[in-house]
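Colleague: I have not seen this structure before; could you walk me through how to read it?

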Amino acid sequence: MKPEFQTSKEFTKEQNLEAVRMLGLKLATDPRWVNIAEKSIHEILVDHAFCEQKAATQCISLIVRFSDYPKIVERVAPIVSEEWGHFRKVLKELKKRGLELGKSRKDEYVLELIKFVKKGGPKEDHLLEQLLICGLIEARSCERFRLLSLYCQDEELKEFYYEFMVSEAGHYTLFLELARTYFPEEKVKQRWQEWLEYEASVMETWTLRGDRVH
Ligand SMILES: [Fe+2]
Ligand SMILES: [Fe+2]
């Protein structure tokens, strides 16, 4: 099982956009979602900011929970700073538009995914679940950012989301690589497929919302 794609500085923008088209996801978002999202860009930006905050928080808790796994500590620590940097970047974008962060909201998509996490068993199995759920959230975020970067009317926002797309694609790769570092390839592949199928079944019943990243 090889990484499904690679973004590289040598790649053109078009190649990167193509490389992250689906990331193995089993259900593509209807591109018309961008039209709805654009109408409530304030809500999208606020939701996005909290997604970045949660990503940073999740990385910190991974490090604390699995502090006896050196590669987790070493590779995830810089991601905390990156996600927090993303949070600040979205805050800046809100400020530029005269908008405020406001209250935190429930992330229904993530809550739905959490239901699929295997409970019990050895601690290392929990690590696999956490790495895969993180990879999956990165993949779906990336897929949505790609759509915004392609179809948004606002040229500045296009660029803004393109950069997020590339960065989250890197995180997606990292989480899957870490899973393959600690677990047999076949085990990762099988569980990853189960996660992808579950996520697609969630997305299938989901109403497209213009006020949420997911
Ligand atoms: Fe991020
Ligand atoms: Fe990320």
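Modeller: Read along the sequence, the pattern is α-α-α-α-α-α-α-α, that is, eight helices and zero strands; helices (H or I, at least four residues) and strands (E, at least two) are DSSP runs numbered from the N terminus. This is a predicted model, in which local features need pLDDT of at least 70 and side-chain atom pairs count only at pLDDT 80 or more, while totals for chains, interfaces and linings use all residues. Residues are numbered from 1 along each chain as its sequence is written, and chains are lettered from A and ligands numbered from 1 in the order in which they are written.

Colleague: Which residues have the most contacts inside the largest nonpolar core?

Modeller: In soluble globular proteins, nonpolar side chains tend to be buried together. A nonpolar core is a set of buried (20 or more other C-beta atoms within 10 Å of the residue's own, placed from the backbone) Ala, Val, Leu, Ile, Met, Phe, Trp, Tyr and Cys residues joined through C-beta atoms within 7 Å. The largest one here has 40 residues, and those with the most contacts inside it are C142, Y161, M165, Y172, F175 and A179; helix α7 (155–182) gives the most to this core, with 11 residues.

Conventions:
A residue is buried if 20 or more other C-beta atoms lie within 10 Å of its own, exposed if 12 or fewer, and partly exposed in between; C-beta atoms are placed from the backbone.
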